[in-house]
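Hello,

Here is the structure I promised to pass on to you. Have a look at it first, and then read my notes below.

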Amino acid sequence: MLISNLLYYPDKRLRLNSKKIKIFGEKNNYLIKNMLKIMYDNVGIGLAANQINVQKQIIVIDISNDHNKPLILINPKFIYKNNLSHNHEGCISIPNYMNSIPRFKIIIIEAYDQYGKLFRLKASNLLSFCIQHEMDHLIGKLIIDYLPFYKIETIKNKYLKLKKNTIIRSF
């Protein structure tokens, strides 16, 4: 069965913490294929499993122009971060919204691939920003959380109104 329901802010399920993967196998591989399809269909460059209401520490990323170089990160953790800057970014779970986010230009992470093999990855610039964005999702953090509280409330009210008018739906 295809998992296809992308969650949209302010859906509370986006705030759930994801659980570490302990068993690797076909079930997760099927989920990963679905996540890639959803990400590509929504013109995204990254997707965390909890954005489709699956509370697992799985991230898919593809920053290539041809959408042919997917990166799968399972149970990612930071090893190193350097060179803090600000990156202008959006999120497919918060359509039509962009924000300047503090992100590290260079990171090193440790993660598992979809087959359970542990690896380290050094990332910079766009890939680094994307990984950090998706890792935030794994702990229920969204790009609006970098704003002052009063701005978050304004954005929340805007999206609640849109949801009420059925422009944005969560299932």
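Predicted model: local features only at pLDDT ≥ 70, side-chain atom pairs only at ≥ 80, totals over all residues.

Residues are numbered from 1 along each chain as its sequence is written, and side-chain values use heavy atoms, with hydrogens and water left out.

**Pockets**

A pocket is found on a 1 Å grid over the protein atoms alone: it is an open set of points where a 1.4 Å probe fits, with protein on both sides within 12 Å along at least five of seven lines, and its lining residues have an atom within 4 Å of a point. Grid points are joined across faces, edges and corners, and the volume is the space filled by probe spheres set on the points. Helices (H or I, at least four residues) and strands (E, at least two) are DSSP runs, numbered from the N terminus.

The largest pocket has a volume of about 350 Å³. Its lining has 23 residues, and I45, E89, G90, C91 and H133 lie nearest the centre. The elements that give two or more residues to this lining are β3 (71-91), β4 (94-112) and α2 (125-138). By class, the lining of the largest pocket has 13 nonpolar, eight polar and two charged residues.

The second largest pocket holds about 230 Å³ of space. It is lined by 13 residues, with F78, K81, Q132, M135 and D136 nearest its centre. Here β3, β4 and α2 each supply at least two lining residues, and α2 gives the most, with four.

**Nonpolar cores**

In soluble globular proteins, nonpolar side chains tend to be buried together. A nonpolar core is a set of buried Ala, Val, Leu, Ile, Met, Phe, Trp, Tyr and Cys residues joined through side-chain atoms within 4.5 Å. Buried means under 20% relative accessible area, exposed over 50%, and partly exposed in between (1.4 Å probe, protein chains only).

The largest core has 18 residues, of which L6, I32, M35, L47, I52, I58 and V60 touch the most other members. α1 (26-41), β2 (58-61) and β3 each give two or more residues to this core, and α1 gives the most, with six. A second, separate core of 15 residues includes I59, L73, I107 and L121.

**Salt bridges**

A salt bridge is a side-chain nitrogen of Lys or Arg within 4 Å of a carboxyl oxygen of Asp or Glu. By this rule there are seven.

Which residue forms a salt bridge with K77? The partner is E110, and their closest N and O atoms are 3.7 Å apart. K77 lies in strand β3 and E110 in strand β4, so the pair ties together parts that are 33 residues apart in sequence.

R103 has a salt bridge with E89 (2.8 Å, N to O). R103 also forms one with D136, where the closest N and O atoms are 2.9 Å apart. That pair links strand β4 with helix α2, 33 residues apart, and both R103 and D136 are buried.

Best wishes

Conventions:
Nonpolar A, V, L, I, M, F, W, Y, C, P; charged D, E, K, R; others polar.
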